[in-house]
Amino acid sequence: MNNPGKVDRVILTIVIVLMVGGLLMVFSASSMISNIKYQSLTHFFFRQIFWAVLTLTMIVVMASYDYKKINKSGKPFLLILLTIIL
């Protein structure tokens, strides 16, 4: 992508379609367990929607951020992420 600050719509559309498919699979696979354990068919589904919206928000924010600014502080950022993972 040559235009910093613009989101690639094709990739974003593919991600959204895959997320919607995943959300439908989560609902289909977990609705009965959710109903038995939490007396709600949509307990896990709404939790997954929360994370999907958060993920899409972060995708748009990071896609519109100039990666050259991140590149300058790459090593400290990598160390922080590795610390969080471990």
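Predicted model: local features only at pLDDT ≥ 70, side-chain atom pairs only at ≥ 80, totals over all residues.
Reply: Helices are DSSP runs of H or I with at least four residues, and the numbering of helices starts from the N terminus.

Me: How many helices and strands does the secondary structure of the protein come to?

Reply: The protein has four helices and zero strands. Along the sequence, the pattern reads α-α-α-α.

Me: Where is the place of Leu41?

Reply: Leu41 sits in the loop between H1 and H2. Gln39 lies in the loop between H1 and H2 as well.

Me: Is Leu41 buried, partly exposed or exposed?

Reply: Relative accessible area decides this: under 20% is buried, over 50% is exposed, and partly exposed is in between. Leu41 has 38% relative accessibility, so Leu41 counts as partly exposed. Gln39 has 62%, and therefore counts as exposed.

Me: What is the phi of Gln39 near?

Reply: The phi of Gln39 is near 55 degrees. That is a positive value, and Gln39 is a residue other than glycine.

Me: Which residues does Leu41 touch, not counting residues up to four places away in sequence?

Reply: A contact means heavy atoms within 4.5 Å. With residues up to four places away left out, Leu41 touches Phe27, Ser31, Met32, Ser34 and Asn35.

Me: Ser31 is on that list. Where is the place of Ser31, and is Ser31 buried or exposed?

Reply: Ser31 belongs to helix H1, which covers residues 9-38. The relative accessibility of Ser31 is 10%, so Ser31 counts as buried. Leaving out residues up to four places away in sequence, Ser31 touches Val26, Ser40 and Leu41.

Me: How do the axes of H1 and H2 cross?

Reply: Helix H2 covers residues 43-64. The axes of H1 and H2 come within 6 Å and cross at roughly 160 degrees. Angles over 145 degrees count as roughly antiparallel. H1 and H2 are therefore roughly antiparallel to each other. The crossing of H1 past H2 is right-handed.

Me: Which residues in H1 meet which residues in H2?

Reply: On the H1 side, the residues include Leu12, Val15, Met19, Phe27 and Tyr38. On the H2 side, they include His43, Phe44, Ala52, Leu56 and Val60.

Me: How far apart in sequence and in space are Leu41 and Met62?

Reply: Two separations can be read for any pair. Leu41 and Met62 are 21 residues apart in sequence, and their C-alpha atoms are 34 Å apart in space. For Leu86 and Val15, the separation is 71 residues in sequence and 28 Å in space, C-alpha to C-alpha.

Me: Where is the place of Leu86, and is Leu86 buried or exposed?

Reply: Leu86 is in the segment after helix H4, which runs over 74-85. At 88% relative accessibility, Leu86 therefore counts as exposed.

Me: What radius of gyration does the protein have, and what would a compact globule of 86 residues have?

Reply: The protein has 18 Å, whereas a compact globule of 86 residues would have a value near 12 Å. The C-alpha trace spans about 50 × 35 × 15 Å along its principal axes.

Me: What share of the 86 residues do buried residues make up?

Reply: Buried residues make up 8%.

Me: What share of the contacts with a separation of 6 or more comes from residues 24 or more positions apart?

Reply: Residues 24 or more positions apart account for 45% of those contacts.

Definitions and conventions. Residues numbered from 1 in each chain as written. Heavy atoms only, no water. Helix = DSSP H or I, 4+ residues; strand = E, 2+ residues; numbered from the N terminus. Rg over C-alpha atoms; globule rule 2.2 N^0.38 Å. Buried < 20%, exposed > 50% of the residue type's maximum accessible area, 1.4 Å probe, protein only. Axes fitted to C-alpha atoms, helices over the stretch in contact; angles between N-to-C directions. Parallel < 35°, antiparallel > 145°, perpendicular 65-115°, else oblique. Left-handed = near helix turned anticlockwise from the far one by under 90°.
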